[in-house]
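Dear colleague,

Here is the structure that I promised to pass on to you. Please open it beside this message, and then read on for what was found in it.

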Amino acid sequence: LIKQDILEHREMCFVISVHLSELQFLTFLCLLLPQDAIRTLSALQTDASALEMQEQTRICPQLKLQAMRGFLERVGITAEDLDHLNIIHVAGTKGKGSTCAFTERILRGYGYRTGFNSSPHLVEVRERIRINGQPIGKELFTKYFWQVYRRLEDTKDTHGGMMPLCFPFLTALAFHVFIQEKVGVVILEVGIGGAYDCSNIIKRPWVCGIASLDIDHTEILGDTIAKIAWHKGGIFKPGVPAFTVQQPEDGLAVLRDRAELIRCPLRVCPELEDYQADCGPLYLGLAGKHQHFNASLALQLSHTWLQRRCLPGRARCCTVSGLLQLTFFKPSPIMVKGLADTQWPGRTQILKHGAVTFFLDGAHTMRSIQACAAWFRETSAQHQKNARGRVARVLMFSIKRERDSAAMLKLLVPCHFDFAVFCGFACNAGEINHTVSAEDRLQRCLDMERSWHLHSSGWDNKGTQLLSEDSLLPLPEKKGDTLVFPCTQSALQWITQGREAAPLCDAAEIHVLTTGSLYLVGGVLKQFDPAFSK
């Protein structure tokens, strides 16, 4: 009854508190209300007014920023409030999250109280809003969530019943948290694109960054690097310095043109090896050669922010625009340590569980899958040298339906896997939008299985079936060297406990590359990583 009253009648909580000690009451709130907030957040995905606005912004994307301004005004956040957050704004197709993680860790090393807003999350939505590198606690999340939600709910009748979808709501929530918690700098990761992304509501960031460009979200951003670059360059602001990594020629040309039009000084970052540090070669806390680009971008962003924000007499705006020659600098000891200490779960991460070693990377574009495959081949080979017997390799793969799974799987064939496992996402692995049915997810897995066989060993094109007439079969169907599972948990149980397949049953160790989706990676972390499984 207490749980029901708290969840359904929050305004009556004071009645319940009469019968409980303060500590007991706060414990109930901490345990129950976060889940109520998550349910409310999920409901925003199916809110009729929010879906209507989503359709309108698809036709006219400029309306997205107009709507975002309205949401922030209703929450009580002004443009001046955002200016005072001292924002570093980062866009890009791949690597922007890692770039933000490097940047945040460096600036935290200088003693600043950092705010970091990223997406998506791996296990819990609280991961998207971080203070000093850590997801906000349940109590803070609950407190600020209801502050923002109630302000929007109380004003919706005077705004045509309009409520935001999940991502705009979380962006507004992040700004509210950072303002209330008085952070000294905010590292703000773009969600999708840049020009019309909800995060682009800010007017005066201190510095902007564009990570590597690739083909993704084509239904929104276009199907060429040039079209995608146009959207990413939309975060440029007049007089605000911007940096990018080495890009495809057509993408860099568009970024240069955007910078000139907006009157933004744009520079291309050097190779990581070009930096000179007293301690010798720079060591990165994130594995993979592709992280060198992200680390170089992070060095430029943090260095520029420190110069412009902290040095006396430094002008807020620059007067030169266009593509400029980059000035080299020697990273400070704090920067060197920050790069080495950076952690960003689910990206080139290794997690050992008994005889099974998971190689986790949430790569989901062509270039990131290619980089992931190279990292796995090299790192798995290093681990194999210390193995006490035969090592079997397993691919654990899942991907969202709008992405080209066949082309990505083709890039993974050279890794020479003994077995491939395709599964739906864990039901609690972090998805907020549950509008995709279990049948659709399973059919997607069957399609991926067919593509894998076509690329790796030939396929009879008949496929397997996991769907009965009125229910899902509880067990996987076998087809050669592959298995299809209904969810992440059942696949993990088979990998770690079953292993009845011939290539795995006599293996001393099993190396599992888990890739294609951060949601899939989150399912593994929730199951086996103590930091996420609590």
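**What was found**

Let me begin with Ser119, which is buried at a relative accessible area of 13%, where buried means under 20% relative accessible area, exposed means over 50% and partly exposed lies in between, with a 1.4 Å probe and protein chains only. Before going further, please keep in mind that this is a predicted model, in which local features need pLDDT of at least 70 and side-chain atom pairs count only at pLDDT 80 or more, while totals for chains, interfaces and linings use all residues. Residues are numbered from 1 along each chain as its sequence is written, and side-chain values use heavy atoms, with hydrogens and water left out.

Ser119 sits in the loop between β2 (114-117) and β3 (129-131); helices (H or I, at least four residues) and strands (E, at least two) are DSSP runs, numbered from the N terminus. UniProt, in an unreviewed entry, places the feature "binding site" at Ser119, Glu189 and His217; its positions are given in the numbering used here, feature names are shortened, and annotations may be inferred rather than shown by experiment.

Which residues does Ser119 contact, leaving aside its neighbours within four places in sequence? They are Arg128, Phe167, Glu189 and Gly191, where contact means heavy atoms within 4.5 Å. Glu189 itself belongs to strand β5 (residues 185-189) and is buried, with a relative accessible area of 5%. With its neighbours within four places in sequence left aside, Glu189 has contacts that include Lys96, Asn117, Ser118 and Ser119. Ser118 is also in the loop between β2 and β3, counts as buried at 4% relative accessibility, and touches Glu127, Arg128, Glu189 and Trp344 when residues up to four places away in sequence are not counted.

Among the helices, α13 (residues 291-310) has 20 residues and reaches 28 Å from its first C-alpha to its last, close to the 28 Å expected at 1.5 Å a residue, the expected span being 1.5 Å times one less than the number of residues. Because 15 of the 20 residues of α13 are buried, this helix is largely enclosed by the rest of the structure.

The count of disulfides comes to 0, a disulfide being a pair of cysteine sulfur atoms within 2.5 Å. Cys372 is in no disulfide, and the nearest cysteine sulfur, that of Cys415, is 7.5 Å away; Cys372 is buried, with a relative accessible area of 0%.

Finally, a word on confidence: the mean pLDDT of the protein chain is 84, and 79% of its residues reach 70 or more, pLDDT being the predictor's confidence in each residue, from 0 to 100. Over residues 458-479 the pLDDT is below 50, although this stretch has 44 contacts in the model beyond near neighbours in sequence.

With best wishes
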